[in-house]
Each structure stands twice: as C-alpha cells, then as structure tokens.
Amino acid sequence: MTSRRSFASDNNAGIHPNILEAIAAANTGHVVGYGDDPWTRSAEGAFRKHFGPGAEAFPVFNGTAANVLALKALVQPHHAVLCAEGAHVEADECGAPEAWTGCKLIPVATKDGKLAPKAVEAACHGVGDQHHVQPRVISISQATELGTVYRPAEVRALARFARSRGMLLHMDGARICNAAAALGLTLRQATRDLGVDVLSFGGTKNGLMGADAVVLFDRARTADFKYLRKQGTQLASKMRFLSAQFLAMLSNDLWRRNALHANRMAKLLEARVRRIAGVRVMYRVEANAIFAKIPPPTIARLRKQYFFYTWDEEASVVRWMCSWDTTEEDVADFARLVAKAVR
C-alpha cells in the first residue's frame, strides 16, 4: 500500500472532498430507504436537468452492474450485442453481460477502439435466420478502452445505422464525463441528442465512491427497470448516500471540472513522455488515458515504485491513467522516473 498517487487507474483515486461533504450532509436522522427520500428526488431532478425531460436515472454500485442492467433492459436471450473487441463488456466483466442477459456478445475488430457502421454491418450475420442470434444492440464505450473519443458524427452514424436495422444503441459511459469535457459538450449533447438509447453513467471514476447509474431515455423501458435493478441485487437500501453523491457531482459543474483536470493531466503526461527516447505513444490522447510502448525491462523497473497495468504484454504496451486528483507534480515525478528507467 502507498499514499503516492499512481497512474494505474482512475478507480484508484480517492473521493472528491465535495462528495465526502455531500455524504456527510446526508448522514443525519432517519429517512425512508430504497430511494424514497429527498436526496434521491433531488438527484433525479438533477439528472433530468442534464439529460432532458423524461430521462430516468437509477443508481447502482458499479459500472459492471450499470452495463449488465442496461443491456438486460434491451435484449432477450436470443439477441446479440455488438461491441468493440476490447470493450469492457466483452473483455473485463467476467462474462457478466452474457451470464445475466443470456444473450451473445459479438466482438468487432477496431484499430482505435471505435466502432463504425461498416464494421458493425459486416458482423450482423443471420438476420431473420432462426439458427442464429439476432443483432439487437450496438454497445460503444465513451471514452473507449483505448482512451480515444467518438466524435458526435460518429455516434450519430451508429445510431442511424441501429435505427435502420431495428437495433438500439447503448453507451458504456464509465468515462462519459471525460469524453464530454474533451468534446466541449453537455452530457445531453454527448448522449441523448446523438441517438443513444441507454447510458451507463460513470461516477466512480470521476470522484464518487461506489456510485454509477443507468440512465434511460425512453419511458417505455423505464416502467419495469426498477424490478430489474432489484433482481440484479443493485437496489441500495440507504439510497440517499448514492443520490447525494450524484447531486453534488451534477451541481456547480463538478463533473466537468474533475474530468477536464484529469484530461489535462493526461495531455501533460503525454507531452513529457513523448520527449523520451524509447517511449512510443500508441493512440491519440483524447481523454485521461495514455497508452505507451516501452521496453520490457523498463516496465519492471518502473513497477518497483509505481503500479500500473500492462495492456499488451506481447507488444510491451502499458496504460497510464490520470485522475481528478492527479497533480502536475505527480506527472513531473513520474515522467522523470520513466526517463530514468528507459535508459
């Protein structure tokens, strides 16, 4: 264990002070549980303010739950979900989406983590054939698992393609705040206005404590979702403490300020490591992630002082993440260590 801020994951960062204050402020007296409380009502209003009339938000405890329940709301067991081959739902959720929905995930190869209609179309096999699962949902990560960001036109194109095929568009927005901030968009402009049907909204990676949410934009899917959340073991009895966090995050532009800071630290780290001979940045740094190819011995030397993940061991590609609490001093210290370790 170390008190040093690492570059392993934005999940490793602490809780933003404003969020801690909001939790403490909610910790007074007794209120009715399971969401029938003033904090939850206010948080619901805040979500509608950001995402528009009719938007319904359902807090859950983590991103995997948000993704699983969002997909569960959209599919039947004979359906298929198309996603990028490196998507979190495909590679990092221990098969939970398939286990809970009963449907099949179809991974699609990408160069930069982003799906495009042509690639999705090529993966849509056996439509109307009773021997094959039926494509029903396109699931995209924003920002992607490679730190890249879909442009609005790219999301609109996928939404149009989905509509033309009777499909739906799900967005894994574990880092939607980082993506929207990078694009200069509001949360609604980055999601609902582009044709997204269901959003997994990330809070944990942006300064919250164990709080994410499913945001539905179609009331036809909202009526039964509360039962899916309960059956999926994600209904918080002391809901006020999750809701208070979202209320604080969605007030005074905290979601954007945290995300912009993390993004800026990533760009600063990118600029510093690009100067180091032997370090190759692999993808465009558009949110708060840097993927770099470094010599294998360098990884071992760096890990003696900093923990981070090797993304592709065979290619010697590592991932460095910045967070809401990353400082310029953290970046400078780490970059100096990288330069020393590469020599």
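**Entry 1. Contacts and overall form**

I looked up how far apart in sequence the contacting residues sit. Among contacts between residues at least 6 apart in sequence, 76% join residues at least 24 apart. I note here that the model is predicted.

Next I checked the overall dimensions. The C-alpha trace spans about 60 × 55 × 35 Å along its principal axes. I compared the radius of gyration with the value for a compact globule. For 343 residues that value would be near 20 Å, and the protein has 20 Å, so the two agree. I also looked up burial: 55% of the 343 residues count as buried. For secondary structure I have 14 helices and eleven strands.

**Entry 2. Helices H12 and H14**

I turned to one helix pair. Two packed helices are described by the angle between their axes and the distance between those axes. H12 covers residues 254–273 and H14 covers residues 328–342; they pack at an angle of about 25°, with axes 10 Å apart. H12 is therefore roughly parallel to H14, because angles under 35 degrees count as such. The crossing of H12 and H14 is right-handed.

Which residues of H12 and H14 meet? From H12 I list Arg264, Met265, Leu268, Leu269 and Arg272. From H14 I list Glu328, Val331, Ala332, Phe334 and Ala335. By class, this contact of H12 with H14 has seven nonpolar residues, three charged residues and no polar ones.

**Entry 3. Backbone checks**

I went through peptide bonds and phi angles. The bond from glutamine 142 to alanine 143 is cis, with omega near -5°. Alanine 143 lies in the loop between strand S4 (134–141) and helix H7 (152–164).

Aspartate 253 is not a glycine, yet has a positive phi of about 60°. I found aspartate 253 in the loop between H11 and H12. Is aspartate 253 buried or partly exposed? Aspartate 253 has a relative accessible area of 36%, so I put it down as partly exposed.

Serine 316 also went on my list: its phi is near 60°, a positive value in a residue other than glycine. Serine 316 is in the loop between strand S10 (309–312) and strand S11 (317–321). Its relative accessibility is 5%, so serine 316 counts as buried.

**Entry 4. Glutamate 56**

I looked up a charged residue in a strand. Glutamate 56 is in strand S1, residues 56–60. Its relative accessible area is 16%. The cut-off for buried is under 20%, so glutamate 56 is buried. What does glutamate 56 contact, leaving aside neighbours within four places in sequence? I find Val214, Val215, Leu216, Arg219 and Thr222.

**Entry 5. Leucine 235**

Last, I placed leucine 235. Leucine 235 sits in the loop between helix H10 (225–231) and helix H11 (240–249). The relative accessible area of leucine 235 is 22%, so this residue is partly exposed. Again I left aside neighbours within four places in sequence; leucine 235 is then in contact with Tyr34, Arg229 and Lys230. I also took one distance. The C-alpha atoms of leucine 235 and threonine 148 are separated by 32 Å, and the two residues are 87 apart along the chain.

Note on methods: Residues numbered from 1 in each chain as written. Predicted model: local features only at pLDDT ≥ 70, side-chain atom pairs only at ≥ 80, totals over all residues. Heavy atoms only, no water. Helix = DSSP H or I, 4+ residues; strand = E, 2+ residues; numbered from the N terminus. Buried < 20%, exposed > 50% of the residue type's maximum accessible area, 1.4 Å probe, protein only. Contact = heavy atoms within 4.5 Å. Axes fitted to C-alpha atoms, helices over the stretch in contact; angles between N-to-C directions. Parallel < 35°, antiparallel > 145°, perpendicular 65-115°, else oblique. Left-handed = near helix turned anticlockwise from the far one by under 90°. Nonpolar A, V, L, I, M, F, W, Y, C, P; charged D, E, K, R; others polar. Rg over C-alpha atoms; globule rule 2.2 N^0.38 Å.
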